[in-house]
Amino acid sequence: MSTSVLFSTFPPFPTLSLSVPSETRIDTLYKLLFCRYPDLPARECLSISSHSGPVAPDTFLSDLHGESSNLVTLRLVPRLLGGKGGFGSQLRAAGGRMSSQKTNNNDSCRDLSGRRLSTLKTAKRLVDYMEHEQERKKAAADVKRAKLENLEKKIAAASTDSEAHAGKKHRLDDTAYLEESRQLVDDVRSAVTAGLLKKKKKAKMSHASGSPENSAGTTLTTSTKEQESKPAGAAVSSISVAASA
C-alpha cells in the first residue's frame, strides 16, 4: 500500500509530492529528497516535521495518516545552528528591564467626559492649595514673629553687655607700653617746638636784613614824586640857584 507524501519546502525549492510505500521510515525520505533536489544542504542541516511538531527519524509513514486517508503532509525546514545557550536568560533579563521601565503616567489619557486627566489633577491640586491658604499664611506669620522675637532678644542681650562693659573700669598695667607711649609724645612735642622756633628765627632774620633797602627805596620814591608834583617854574628856579652856587 502506497502513501502520498506532500513536502512543503523552503525557497528556492518548490513543493514536492512523492508516492512511497506506507512502511517507509522518515529517515529514508532524505535520500529521495536529495535525488530530486541535489542542491539541498547536508542532512545534518535539515529537519522533517509535521504540522503537529517534529517527527522522529524511526517513525513510519503509516503512523502519520489515518485509515481513511493515505496523504501525509510534511515540512522540510533548515536547522538553525545553536550557540552557547543562555538565550532564555537574556529574554528574561530584557523582560525585567522592560517591566522596570513601566510608567504610571496617564496624564495624557481622557476620562468619559473627554477631559484630560492632567487637567483634572491640576484642578484638584488648585482646590487643595486654596483650602490650605489660611494655614500657610498663619505658619508664615508664626515664623516671622519667631524671627523678630529672636532678633529682639539678641539686641537686648547685646545692649546689656555693652552697658555692663561701659560701667566697668579697666586698668592697664603694661609699664613698658606706657613709658614708650610717653616718650613718643615727648619726642613729638619737642620736634614741633624746635620747628616753630626755627621758623620764627628765620622770619626775624629776613625782616632785619630787608629793612634798610626798603627805607632807601621809600625816600627815593618820595623825592621823585615831589619833583614830579612841582611846577615847571619852580624846577627852573631851582636849577638856576644851583648854577649860581
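The count comes to seven salt bridges, a salt bridge being a side-chain nitrogen of Lys or Arg within 4 Å of a carboxyl oxygen of Asp or Glu. This is a predicted model: local features need pLDDT of at least 70, side-chain atom pairs count only at pLDDT 80 or more, and totals for chains, interfaces and linings use all residues. Residues are numbered from 1 along each chain as its sequence is written, and side-chain values use heavy atoms, with hydrogens and water left out.

**Salt bridges**

- Side chains of opposite charge can pair when their charged atoms come close.
- In the pair R145 and D142, the closest N and O atoms are 2.8 Å apart.
- R145 and D142 sit three residues apart in helix 4 (residues 133-167), so about one helical turn separates them. Helices here are DSSP runs of H or I with at least four residues, strands are runs of E with at least two, and both are numbered from the N terminus.
- R145 is partly exposed at 44% relative accessible area, and D142 is partly exposed at 35%. The cut-offs are under 20% for buried, over 50% for exposed and in between for partly exposed (1.4 Å probe, protein chains only).
- Helix 5 (residues 175-229) holds E179 and R182, three residues and about one helical turn apart. Their side chains meet in a salt bridge at 3.0 Å, N to O.
- E179 is partly exposed at 44%, as is R182 at 47%.
- R189 and D186 form another salt bridge, with 3.3 Å between the closest N and O atoms. They lie three residues apart in helix 5, so the separation is about one helical turn.
- D186 counts as partly exposed, at 33% relative accessibility.

**Cysteines**

- The structure holds zero disulfides, where a disulfide is a pair of cysteine sulfur atoms within 2.5 Å.
- C45 is partly exposed, with a relative accessible area of 33%.
- C109 is partly exposed too, at 39%.

- Strand 3 covers residues 46-50, and five of its five residues are buried.
- In a regular strand the side chains alternate between the two faces of the sheet.
- L46, I48 and S50 are buried on one side of strand 3, and S47 and S49 are buried on the other.
- Strand 3 pairs with strand 5 (residues 71-78) in the antiparallel sense over four bridges; pairing requires at least two DSSP bridges between the strands.
- In that pairing, I48 stands opposite L76 of strand 5.
- Strand 4 (residues 53-54) also pairs with strand 3 in the antiparallel sense, over two bridges.
- S49 stands opposite P54 in strand 4.
- Strand 3 and strand 4 form a hairpin, with two residues between them.
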